[in-house]
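Please open the structure in your viewer and keep the selection panel at hand. The stops below are arranged so that each selection leads on to the next.

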Amino acid sequence: MKKDLSYLLAKKQNHQKIVALTAYDYPTALLEDKTGVDIIFVGDSVGTNILGYDSEQEVTVDDIAHHLKAVRRGVSQAYILGDLPYNSYETPEQALDNAKKLLAHGADIVKLEGVREKVIKHLIDHDIKVCGHLGLLPQTQQQKRVQGKTFEQAKTIIEDAIALEKLGISMLVLELIPEELGQIVTEKLSIPTIGIGSGRFTDGQVLIVNDILGITPRKLKLAKTYQDYQTLTAQAIQKYKEDVEQNLFPTEENVWHMAEEELKHLR
């Protein structure tokens with residue numbers, strides 16, 4: 001069954017947690033889909049996690065579209081979210097053109113940061129599903145600090161969340177805000193909230209797949225490492241290197257032979 005917004009909304013209403021995770025390639029998407037991840041994010045985090053960029057601001061629409069195509073090939077059930085990257089939704093017209101491109105390459109919904117009233121309204125008027133993003137806004141805030149810790153900041157985030165829902169967004173990502181604020185926003189909205197570093201009371205959680213697998217060396221408070229990819233992979237590569245150098249690979253079971261008569265003729 002292909003998951004959709006009705007499915008995600010029902011999970012919120014039934015107090016069932018929504019599971020979201022990033023993916024940037026076919027094999028990872030295939031595994032995530034197989035294990036039942038609800039939403040797969042093809043986020044602009046692809047820049048710093050896969051492409052070697054220094055920041056999210058370097059990610060282009062073509063980058064997102066390329067990885068969306070790969071992810072879509074591996075998905076039969078999950079709901080796929082594609083990020084509109086930095087500087088790709090400065091005007092309603094630009095946003096619509098780029099959103100259509102992401103949808104054409106596999107996204108079910110597009111995400112953008114902040115309260116961009118005219119842009120969001122234009123997208124929704126053209127039947128494009130929009131996911132909002134409040135709290136830390138990685139595309140414009142280079143300092144990765146917790147947002148909404150003061151009364152005024154928290155009040156603004158709550159008001160922005162309500163405004164976004166009234167505009168017609170379908171769900172909302174809350175990044176790096178206090179747990180209490182995440183709970184208040186979630187309770188005030190009828191649409192699903194997806195948290196990253198925003199506590200235990202959002203409707204769902206999303207993390208970067210590289211972080212949960214230990215692909216990147218960083219240790220983040222907001223994440224949990226479920227696998228030590230760096231150590232295990234380095235060990236495997238080291239063993240392969242040693243086997244080749246010591247002529248232990250390939251072995252008999254890794255090679256093919258010619259028939260004796262053919263070989264005799266060849267020689």
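**First stop: the annotated active site**

Select Glu-175, which counts as buried because its relative accessibility is 12%; here buried means under 20% relative accessible area, exposed over 50%, and partly exposed in between, with a 1.4 Å probe and protein chains only. The model is a predicted one, in which local features need pLDDT of at least 70, side-chain atom pairs count only at pLDDT 80 or more, and totals for chains, interfaces and linings use all residues. Residues are numbered from 1 along each chain as its sequence is written, and side-chain values use heavy atoms, with hydrogens and water left out.

Glu-175 belongs to strand β6 (residues 171-175). Helices (H or I, at least four residues) and strands (E, at least two) are DSSP runs, numbered from the N terminus. The feature "active site" is placed at Glu-175 by UniProt, in an unreviewed entry; UniProt positions are given in the numbering used here, feature names are shortened, and annotations may be inferred rather than shown by experiment.

Now display the surroundings of Glu-175. Residues up to four places away in sequence aside, Glu-175 touches His-133, Leu-134, Gly-135, Leu-136, Pro-138, Ile-196 and Ser-198, where contact means heavy atoms within 4.5 Å.

**Second stop: the annotated binding site**

Select Asp-44, Ser-45, Asp-83 and Lys-111, which the unreviewed UniProt entry annotates as "binding site". These residues span 68 residues in sequence, yet no two of their C-alpha atoms are more than 12.7 Å apart, so they gather at one spot.

Centre the view on Asp-83, in strand β3. Is Asp-83 buried or exposed? With a relative accessible area of 3%, Asp-83 is buried. Beyond its neighbours within four places in sequence, the contacts of Asp-83 are Val-42, Gly-43, Asp-44, Ile-64, Leu-102 and Lys-111; Asp-44 and Lys-111 also carry the binding-site annotation.

Select α1 and colour the helix by accessibility. Leu-5, Leu-8, Lys-11 and Lys-12 are buried in this helix. Viewed down the axis of α1, the buried residues fall within an arc of 120 degrees, so they line one face of the helix; the arc is that of the directions from the helix axis to the C-beta atoms. Ser-6 and Gln-13, on the other side of α1, are exposed.

Side chains of opposite charge can pair when their charged atoms come close. The structure holds 14 salt bridges, each being a side-chain nitrogen of Lys or Arg within 4 Å of a carboxyl oxygen of Asp or Glu.

Asp-203 lies in the loop between β7 (193-196) and β8 (204-207) and Lys-12 in helix α1 (residues 5-13), so the pair ties together parts that are 191 residues apart in sequence. Both Asp-203 and Lys-12 are buried.

Next, select Lys-101 and Asp-62, whose side chains meet in a salt bridge (2.2 Å, N to O). The pair links helix α5 (residues 92-104), which holds Lys-101, to helix α4 (residues 61-73), which holds Asp-62, across 39 residues. Lys-101 is partly exposed at a relative accessible area of 30%, and Asp-62 is partly exposed at 48%.

Then move to Lys-239 and Asp-243, joined by a salt bridge (2.8 Å, N to O). Because they are 4 residues apart in helix α10, about one helical turn separates them. Lys-239 is partly exposed, at 44%, whereas Asp-243 counts as buried, at 17%.

Finally, show Lys-2, Arg-72 and Asp-108 together, a network linked by salt bridges.

**Last stop: the whole chain**

The protein chain has 11 helices and 8 strands, and its C-alpha atoms fill a box of roughly 80 × 35 × 35 Å along the principal axes. Of its 267 residues, 46% count as buried.
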